[in-house]
Amino acid sequence: MSEKKAQLRIDGIDDPIDLPVYEGTTGPDVVDVSSLVGHGVFTYDPGFMSTAACDSDITFIDGGKGILLYRGYPIEQLAVKSNFLEVCYLLLHGELPSATETKSFENSIRYHTMVDEHIHQFFRGFPRNAHPMAMLCAVVGGLSAFYHDTLDIDDSEQRISAAHRIIAKLPTLAAMCYKHGVGQPFMYPQNDMGFAENFLHMMFGTPCEPPKVSPIAAKAMDTIFLLHADHEQNASTSTVRLAGSTGSNPYACIASGIAALWGPAHGGANESVLKMLGEIGDESRIDEFILRAKDKDDPFRLMGFGHRVYKNFDPRAKVMREICDEVLDELGAEDDPLFRMARKLEKIALEDEYFIEKKLYPNVDFYSGIVLKAIGIPTSMFTVIFATGRVPGWISHWNEMLSHPYRIGRPRQLYKGHTQRDYPA
Ligand code: CMC
């Protein structure tokens, strides 16, 4: 039980209210305000600026110091020493796998990569120009119609089976979203390939010609998935938890996370970076756009810059910047005007007083957008790729929540509408 306490005095309530304060293993303490409702007041924190919504053992971020830990391991070490599938296991189970556990986990993921053939029919119902995120959201939610043996959320084994299914099927479904748009046949997964290589195979291969997946592109893809695998209680993860708290099935919960990720302030940012670069169009116009980003009366923001939590640097961006250099170098794309413009924009923004003062640094999406573009992924697929990487985080948080006693998530409000009034006679 907590020994630390906070006291709250509220005008109109005679005695101060004692509130327990809890300490985490690291990071800020939290004040437990759940008893306030008994005193007839709510707390008010739009945007959850100061509110911890749950306990979690999965991921820790110190935004001021630029630290991101998955189960205690720094992201920089995982990016170099680990791989996406191992990180999936780590997030889900809490520890790095032994050699036997790795084999068994990888086999389980391989076994589940195909999707039911009826799912192909879903795709045929979408117009050719449907946004890939619209299709992904729908088909992932639709998986619950096929996999009835993983819908009992009170059964921990079924929860893990659902987790494996979702992690395994996401690259297959993501590639199908792309193939539908370009009118090419869906490619079946190739289970002797690694996770990222298989994804690129399903994206760029055709039945007439297998693609030559470059090892650098496959490594970059795996690192992009790994860097996006979790980010504690961000908007989409909180959405998955909220949906899960009602007892919804895992596929529906993950679909809700995909929907939340879609927005340009979250997972849609990498797509917005490329759109913005296209809009800028030429190096000579960078200054004009920097001025617009600084103008309070202009809604334009420099996409790929700034972060709610990282106020000095985004540790994922540091890793991604190196990958970006490697990929552009390998593909001989350094002189491509778009990439040259991105580099120049990065330099100008990093030296500009406004961005320095407001601590607006390039985030992971600035560089991941450039890498994805360089390896041939169309812009409209960027957020789908983010979702494919984020799935282990979502599902681990969902599983963590369901492994302990939990309550339906139900925020309160400060009501500012009409008081009761009569319907006109
Ligand atoms: N360009 C220009 N000005 C900016 C930017 C930007 N990208 N980001 C923030 N600001 C300004 C903002 O106008 C505000 O100025 P003032 O204090 O004068 O009102 C100040 O910086 C603080 O901004 P905020 O909106 O209060 O900060 P936030 O923590 O609520 O928002 C953010 C964080 C990521 C939504 C925001 O920085 C942004 O919109 N960035 C561009 C979109 C983007 O790249 N998003 C991807 C985030 S990384 C992926 C992920 O983890 O989901």
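Which of the 21 residues around the ligand come nearest? They are His-266, Lys-296, Arg-301, Leu-302 and Gly-304, where a residue counts as near if one of its heavy atoms lies within 4 Å of the molecule.

## Basis

This is a predicted model, in which local features need pLDDT of at least 70 and side-chain atom pairs count only at pLDDT 80 or more, while totals for chains, interfaces and linings use all residues. Residues are numbered from 1 along each chain as its sequence is written, and side-chain values use heavy atoms, with hydrogens and water left out.

## The ligand

The shell around the ligand has eight nonpolar, six polar and seven charged residues. Here Ala, Val, Leu, Ile, Met, Phe, Trp, Tyr, Cys and Pro count as nonpolar, Asp, Glu, Lys and Arg as charged, and the others, Gly among them, as polar.

Arg-301 has a polar side-chain atom 2.9 Å from an oxygen atom of the ligand. For Lys-311, a polar side-chain atom lies 3.4 Å from a ligand oxygen atom. Phe-305 instead places a backbone N or O atom 3.0 Å from a nitrogen atom of the ligand. Taken alone, the ligand exposes 940 Å², and the protein buries 76% of that (areas by the Shrake-Rupley method with a 1.4 Å probe).

## Two packed helices

Helix 11 (residues 269-280) packs against helix 14 (residues 337-351) at an angle of about 100°, with the axes 10 Å apart. Helices here are DSSP runs of H or I with at least four residues, numbered from the N terminus. Axes are lines fitted to C-alpha atoms over the stretch in contact, and angles run from 0 to 180 degrees between N-to-C directions. The angle makes helix 11 roughly perpendicular to helix 14 (65 to 115 degrees).

Leu-274, Met-276, Leu-277 and Ile-280 of helix 11 meet Leu-338, Met-341, Ala-342 and Leu-345 of helix 14, contact meaning heavy atoms within 4.5 Å. By class, this contact has eight nonpolar, no polar and no charged residues.

Terms used. Angles under 35 degrees count as roughly parallel, over 145 as roughly antiparallel, 65 to 115 as roughly perpendicular and the rest as oblique. A polar contact is a pair of N or O atoms within 3.5 Å; within protein, one must be able to donate a hydrogen and the other to accept it, and residues adjacent in sequence count only if both atoms are side-chain atoms.
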